[in-house]
Amino acid sequence: MLARSGRVAVALGAAGAVTAGATPVAGAEEERAGASGGSVVLEEGTNISVAASPDGRWLATDLVAAIWVLPAGGGAARRLTDDLHDATLPSWSPDGRSIVFQSFRDGNFHLCVVDVGGGGPRQLTRGPFDHREPVFSPDGKRVAFTSDRGGSYGVWLLDVATGEVGALAGPPGEAAAPRWSPDGKRVIFAVDENAVDVVTVATGERTRVATAPVGGRIHGAAFGPDGSTPSYTLVRGARADLVLVDRQLTTGEDVFGFAATWVGGSALYTADGRIRRRERDGVVRDVPFRATVPVARRAPRRPVRESTGGPVRGIASPVVSPDGRQVAFRALNAVHVVPITGGRPRRLTDGAFFDSDPDFSPDGRSIVYSSDREGVPALRLRDLVTGRDTALGGAVPGAQTTPRFSPDGERVAYVDQDGAVWVLDVAGGSRRQVTPALFMPGRPTWSADGAVIALAAVKPFSRRFREGTSQILTVRLADGELRYTEPMPFRSIATRGDDGPVWSPDGRHLAFVVESVAWVVAVDAAGRFLGDPRQVTREVTDSLAWCGSEALVHLHNGVLRRVPLDGGAPRTIRLDFSWRRPRPPRRTIVHAGAVWDGEGGDLRHDVDIVVADGRVEEIRPHRAAAGERVVDARDLVAMPGLVDAHNHWHLRGRQWGARQGRAWLAYGITTTRSPGDPVYQMLETREALASGALLGPRFFGTGEAIDGSRVYYNFMRPTLSRAQLDLELKRALELDYDMVKTYVRLPVELQREAARAAHRAGVPLSSHYLYPAAAIGMDGMEHVGATNRLGYSHTVSRTGRAYRDVVELFVRSGMSVTPTLFQARALYADDKSLVTDERTRVLFPPWEYERYVAEAEAAGTPASPYSRDVLAGWVDMVLRVHRGGGLVICGTDAPLDAVATATHQNLRAMVAYGFTPLEALTTATRNPAAWLGLTGRVGTLRPGAYADIALVAGNPLVDIRAAAAVRQVVLGGVVHRVEDLLAPFRASRPAAATRSHDHAVVSDPEHWWHEPEWAARVCCGEV
C-alpha cells in the first residue's frame, strides 16, 4: 500500500502543478517533444482541407489538426496554431490578413481567428454548445457556421464587429459545412449527408438543390464556378468523387469531403493525400507541401509485475439492507454480504456461473439477484434466513439484469439485453415493459410510493453527433410519461451504471455522482428537483447506495466508505477480504505434433512442451515420459495463445455472463485487454479470473475512459477540469489500471497532462487520435479511424484509405495501432464457418447469435453496411505500418464485433489483403505482448513464458484458418478441452431463443435516440 501511495504521489505531484488554461505559443510543442523525440517531415495529409487566400497567393490547410499556410504554388508550410487548439477547417478573411477556424481548445468546438502574420488565436464564441465549420462572408462582416445551440445542427451567423449570433437555417435536418455565394446573398450547406440546401440570407427562403442517390452520402457543398450551381463530394462505398451539379468530375481519386474552392473554371480541393487543382479542361496539378511536426519517442515498456493476490478491491454494485446493518455486493464471481461495520464477507452464491447485482427485499429477509445458471441472466431470489434459492418469475426469452425491489416488495424492476426496463410482479410472475429500449441505461431506482422509476440515460445534443449528457430519466408507471432532467446544467452523471440516480428510502432525495464526487438533491414524489444539488463528498466517489435516508455508502479507490449527509467525514468500512492466485499444476508435458513458438517462421515437429508451475520449462524433441502427466496432442499444432488487445468485457458483460470467458478460451484467445470498462466491474472480473473464481483468459484492463464534457457509452468518465482529472488519475493508479484510455471529447491539454502523470507511474495510454497524440507522448491509437469529435478521421479517409502522413507518424513515433477491422464482416459472404461453428452456437447468448447469423447472411448484399473495398484500404494502412517497422496489435472491439470469432475474422482479413499468416499472427502474439510489457511471457512459447497454448488442427503459418481450429487450450499450465468449456451451456439451453419484443419497430419522434446499444451503427472504426 505504501509503495502504491508513493507511486501515485510521484505521478501526480508535478502534474498537479501545471496551470490549466495557459496557452503556449506556436512552436512550444516542438520544444516539448524535441527534448525526448524528433520530427517528421510530412508531404501528404489524410482528410485535410484547403482554402485559398482571396488574392490567390496563399493556401491554408489543417494538417495534423493545426492551421498552416503555404505559397499557392507549393512549398514549405508555416504553422499558425499549436497542438492545444486542435484546429481544423480554415477560412480566409476577405482582406487575406486573418483566418477563422474551429478549435477544440477548451473542450467544446468554438470559432477562433488568427492573424496570418503571427500572434495567438482569438476566440470568437464561448459556452457549452459546439460551434463548427466557420467561413467568412465575402464582405468580412459575418461568419457563417454550424452549431447545436438550437437543439439540432443549424446554420448560424456571427456578426464579427459585435459578436452577436443569430440563426439562419434550422430544422428539418442536421446542417453541415456552410459556404457563401460570391455575392454574399446566399449560403449553401449539406443536410443529413444526403442533400444540399441553399438559404437566402435576407429572407430565410430555403431551396433544395441536390439529393444524394440511394446509398450515397454528400459532404462539402459549395457554389460552383458560376456562383449558383452546387458542387460537392459524393461518397458511394469506396468511391469519393467531386461532383458539379450532377456531373462527376473525378474518376479514381479519393476526394476528401470538404468544399472545393472555385476560381473561374478551376477547382482547388484535396484528394489522395494531396492538395490539388483541377482546371476547366480536366488537367490536374498537385500542389506540393512540406510540414515538419514533432513526435515524442516512446520508451520500451517496463516489465509488468504479475500480482499473486491481495485485498479484494473489485466490489461491484454494493447495496445496503433496509435496516442499514448489511451490505451486499458482487465480488470474486459471487454475491456476498458483510455487516455495515465491516469484517469478513459471507458468500451467498457458489460462483459456478455469473451472479450479480443483488438487492435487498424491503423486509431484509431475502435478496434478488441476476444469474445465468439456467443459461441466460435471469432473476433469482435467495432467502437469507433459510438459504433457499429459487428462480423468480419463470423463464423469459431475454436477459434480466440489474434488478431493484419496489418499496413494497411486490415488484422488481430490471433491464433486459436491449436496454428496456421491465417490471415483474413477484407474486404472479407477470411482467410489463415500462420504457422503450434505451442506449446503455443505468440501474433502476424506485420512488418511495412506487409510482415512478428513475435511471440514468444518455440524451444527445443532436442527431449529427452521438454524444450528449447522462441525465436522470423518470418514467411514471401509470401512463408511461418519460422525462429527462439534467443533474446540473450541461453536466453528466459520472457513469450510467452504479453512480445513480438512487432514491432515498424516504423518497425525499436523489443521490448521484457528478464530476467524480457525490451529490444529493431534494425532490418531490415524481423526482422533480426542489432545489440545487448539494455536494456530499470531496474524494473520488463511485457506486452510491443509501444507508437509511441520512447517509450514503460508496466506493473510494477500492474501499467501502460511509458518509453522513450532515457534513461529517467519510468512514471506512474495513473488510477482511482477500484473493490469491491458485497454484498451477506442478508439471505437465504437452506432446504436440508440431509447435510454432511465436517467434520463428517455421514449425518444429514432434516435440514435448514441458510445463512446470504454469510456465514453459523447455521445448524438446519428443521422448517417453514415464510416470508424468502427458497431454496427447500428437495430431495437433501447438501455438501461443492469442491476444485480443481491444475488447470491452463489460459493455455487455452482464448479458454474456459466464459464457464470455469460455468463448475466448474456446477460440484459443488466452489474453485480453480492455481499453474501457466500468471500473468496479472490470476490477471484479480481473480478480475473479486471476483467483480462478471465473473461467476465462488473462485480463488486462482499465476503468472508464477519461472523456470530456459530452459522453456516449456508459463507461466514459466525463472530466471537465484539471482538478477532476487529478481525482481520476489518482483513482486509476490506486486501482492499478493496466492502461489509461482518453476518449473522444477530452481536450488536448488534459490528454497531455494525463499522459505525463501516467508515464511517471509507468502506465501506458491510448486514445482514438494519432496527432497530436504522437507529439504529447500517447502510446497507442485504437481503431484505424475511430469515432472522432470531428465527425471524420485524420487517419483514414471516408473511403477507408490512409496516406503517407499516417504511416510515417505511426512508424516514427512508435505508437501502436489496434485495427479493429469491423469491415472484415464483409468476408462472411464467402465463409460463414466461424458463425456456424458449434462453439459459437453454444456459447453466444441466443439474441447475440441471432443477430450474428442475420449479419453474416446479409454479407455481400445491399443490406450489409460492410465493404470489401473499404476493408482492403484499412488492411493496406496497417500493413504499411507493420512493414515499415510500426507496432500493429490485433483487437476487435468485441462485443461491438463478435466475441472471440472476430479475432480470427480480423486475422483472416489481414491475410486476405496482403499480410502473410506469420505477419498476421505476430499482431496477435508478440506485438500486443510488447505493448503490455509482457515480452517473453505472453505471445511466445519459450522457457519462462506463461504456458498459454492453443492446440489447433492444421498449420496456421500456411492456412490462417487453422488458428481458429482449437481443440484444447492451456492457460497457465491448466488444460481445458473445448467440449468441457461448452458443457455447462450445452446442457442449460434457455427456454426460448427469440427476443421477447421487437424494439426495432418502436418510433418516438420526441425521443428519437431511444434504441438498443447494438442497433447504433456508429461504433468505433466505422467510416
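Which hand does the crossing of α6 and α7 have, right-handed or left-handed? In this predicted model, the two helices make a right-handed crossing. The passage below starts from this pair, turns to the protein as a whole, and then visits a handful of individual residues.

Two packed helices are described by the angle between their axes and the distance between the axes. Helix α6 covers residues 722–734 and helix α7 covers residues 748–760. Their axes come within 11 Å, and the crossing angle is roughly 35°. On the α6 side, the contact is made by Arg722, Leu725 and Leu729, which meet Leu750, Glu753, Ala754 and Ala757 of α7. Sorted by class, the contact of α6 with α7 holds five nonpolar residues and two charged ones, with no polar residue.

Stepping back, the protein contains 17 helices and 70 strands. Along the principal axes, its C-alpha atoms fill a box of roughly 85 × 75 × 55 Å. Does the radius of gyration of the protein agree or disagree with that of a compact globule? For 1023 residues, a compact globule would have a radius of gyration near 31 Å, and the protein has 29 Å, so the value agrees with that expectation. Of these 1023 residues, 65% count as buried. The accessible surface of the protein comes to about 34,400 Å², and carbon and sulfur atoms account for 50% of that surface. The contacts can also be sorted by sequence separation: among those between residues at least 6 apart in sequence, 60% join residues at least 24 apart.

Most residues other than glycine have a negative phi, and most peptide bonds are trans. Against this background, the peptide bond from Pro171 to Pro172 is cis, with omega near 5°. Pro172 sits in the loop that runs between β14 (165–169) and β15 (175–180). A cis peptide bond is also found from Ala894 to Pro895, where omega is near 10°. Here the setting is the loop between β67 (887–888) and α14 (901–912), in which Pro895 lies.

Positive phi values are found at Asp192 and at Thr402, neither of which is glycine. For Asp192, phi is near 55°. Asp192 belongs to the loop between β16 (186–191) and β17 (195–200). With a relative accessible area of 39%, Asp192 is partly exposed. For Thr402, phi is near 45°. Thr402 lies in strand β37, which spans residues 401–405. Is Thr402 buried or exposed? Its relative accessibility is 8%, and since buried means under 20%, Thr402 counts as buried.

Three further residues show how buried positions are surrounded. Ala195 is found in strand β17, and its relative accessible area of 0% makes Ala195 buried. Not counting residues up to four places away in sequence, Ala195 touches Phe189, Ala190, Arg208, Ala210, Thr211 and Ile218. Between Ala195 and Phe577 there are 61 Å from C-alpha to C-alpha, with a sequence separation of 382 residues.

Ser361 occupies the loop between β33 (355–360) and β34 (366–371). Its relative accessible area is 5%, so Ser361 is buried. Which residues is Ser361 in contact with, leaving aside its neighbours within four places in sequence? They are Pro322, Ser366 and Phe405. Ser361 and Pro322 stand 39 residues apart in sequence, while their C-alpha atoms are 7.9 Å apart in space.

Leu934 is likewise found in a loop, this one between α16 (926–932) and β68 (949–952). At a relative accessible area of 1%, Leu934 is buried. Once its neighbours within four places in sequence are set aside, Leu934 is in contact with Val304, Phe700 and Ala929. From Leu934 to Pro747 the C-alpha to C-alpha distance is 31 Å, and the two residues are 187 apart in sequence.

Key
Residues are numbered from 1 along each chain as its sequence is written. This is a predicted model: local features need pLDDT of at least 70, side-chain atom pairs count only at pLDDT 80 or more; totals for chains, interfaces and linings use all residues. Side-chain values use heavy atoms; hydrogens and water are left out. Axes are lines fitted to C-alpha atoms, for helices over the stretch in contact, and angles run from 0 to 180 degrees between N-to-C directions. Helices (H or I, at least four residues) and strands (E, at least two) are DSSP runs, numbered from the N terminus. A crossing is left-handed if the near helix is turned anticlockwise from the far one by less than a right angle, and right-handed if clockwise. Contact means heavy atoms within 4.5 Å. Ala, Val, Leu, Ile, Met, Phe, Trp, Tyr, Cys and Pro count as nonpolar, Asp, Glu, Lys and Arg as charged, and the others, Gly among them, as polar. The radius of gyration is taken over C-alpha atoms; the globule rule is 2.2 Å times the number of residues to the power 0.38. Buried means under 20% relative accessible area, exposed over 50%, partly exposed in between (1.4 Å probe, protein chains only). Accessible areas come from the Shrake-Rupley method with a 1.4 Å probe; for residues, only the protein chains shown count as cover.
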